[in-house]
Amino acid sequence: MTKRMGALLLTLLLTVSLALTACSSKQEPKEALKTAAANASKLTSYEMSSNFTINELSYKPGDASQTDPTMTQFMSMLKDAQFNVTGVYQSEPMQTEMTVGIELKGDMGMTFNIPMVMTAEKLYVKVPSIPFFPIPETVVGKFLELDLKELAEQEGTEWNPDAMDAAKTQKLSNEVMDAVLSEYDQDKFFKNLDVKDAKLPEGVDAKQVVQFSVNNDNVKEAVTVLVTKALPKVLDIVSKEEYRDMLQMSQEDIDQAKEDLKISEADQAEMAKDLDKLKDTLTINQFHIDFALDKKDFPVYQKLVADMLIKQPDTKDEIKLAFTGSNTYTKINEKPAFKINIPTGENVITMDEFEKLMNASYGY
């Protein structure tokens, strides 16, 4: 009996210890996101899946006689439109392949997929068959080869390989995210979600889910913080020589942007008045971003949900807009399994060849 009680007590202690360890591994929301941003720079390879869906898009003029059938048809086509991307990435040697899928609804609905492959200096785009846009059959299905260095020279700009440096781009992203997040009040804008309630997609194993949200009560503060505090810090980061060269921005442009952001006390008072009027113009039914972190604190999933109503007080016009977007990352730092691979041989067509075939098809 004593041995059994001892074993039960030991088991209980171990269980409590593990539970406490699991709980303590969770960080405060802002710190968790900063850790995830830093860990993102350690991603050397991954598979990804992204989706952007327009759930609602409508325009209602205050005066019914002003209804534009063309605008109505256009918005009807975009409603429920989906933009999907699936792909594989590796940092060394740099290679990315993805398939971009576009699906439009309505009377003029259409669906097409565009496979792409990118290396440090080349971009290959598979020519799709697009309804209402005649492309010669001799071109459809081939990969159009674009030399990024040549394109830069043709546009009169200097070829900048740093622009394709994923590590440097990620470093910039980390610094920007850290600068922006640090300016927002944790209690007003961030919270931890229970993983069970986060509605994560199947296959996403998360340790922690952090939500950043803006609502009708804090939208004024959110915009004020962004304009007066976050953006100036972002410009300070961009002005660093390594990023300035990568983005091909001049210090003069950055200094001018900083000057434009400077707001006098009178301007701040005017901006505050304008923001107070937001409640008469903007209704935020939902706006939040969920960030899921795995056991290694890698950012494995993000989801954006937005549902807003915009009213013009003078004209009574109304625009409804609702959309969702998500990114999922799997097989992090595993050996990448490329499916498309770098196109070669007869499967590749140059821009000159493409233009000649297109001109021939139009009789030029």
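Author: Start with Asp 290, which is buried but has no salt bridge. Buried means under 20% relative accessible area, exposed over 50%, and partly exposed in between, with a 1.4 Å probe and protein chains only. A salt bridge puts a side-chain nitrogen of Lys or Arg within 4 Å of a carboxyl oxygen of Asp or Glu. Lys and Arg count as positive, Asp and Glu as negative; His and the chain ends are not counted.

Reader: What are the conventions?

Author: This is a predicted model, where local features need pLDDT of at least 70, side-chain atom pairs count only at pLDDT 80 or more, and totals for chains, interfaces and linings use all residues. Residues are numbered from 1 along each chain as its sequence is written, and side-chain values use heavy atoms, leaving out hydrogens and water.

Reader: Which residues is Asp 290 in contact with, leaving aside neighbours within four places in sequence?

Author: Contact means heavy atoms within 4.5 Å. For Asp 290 the partners are Leu 193, Val 209, Val 210, Gln 211, Tyr 301, Gln 302 and Lys 303.

Reader: Is Pro 93 buried or exposed?

Author: Pro 93 counts as exposed because its relative accessibility is 55%. The C-alpha atoms of Pro 93 and Ala 120 are separated by 8.0 Å, with the two residues 27 apart along the chain.

Reader: Where does Pro 93 lie?

Author: Pro 93 is in the loop between strand 2 (82–90) and strand 3 (95–104). Strands (E, at least two residues) are DSSP runs, numbered from the N terminus. Asp 290 belongs to strand 9 (residues 282–293).

Definitions and conventions:
Helix = DSSP H or I, 4+ residues; strand = E, 2+ residues; numbered from the N terminus.
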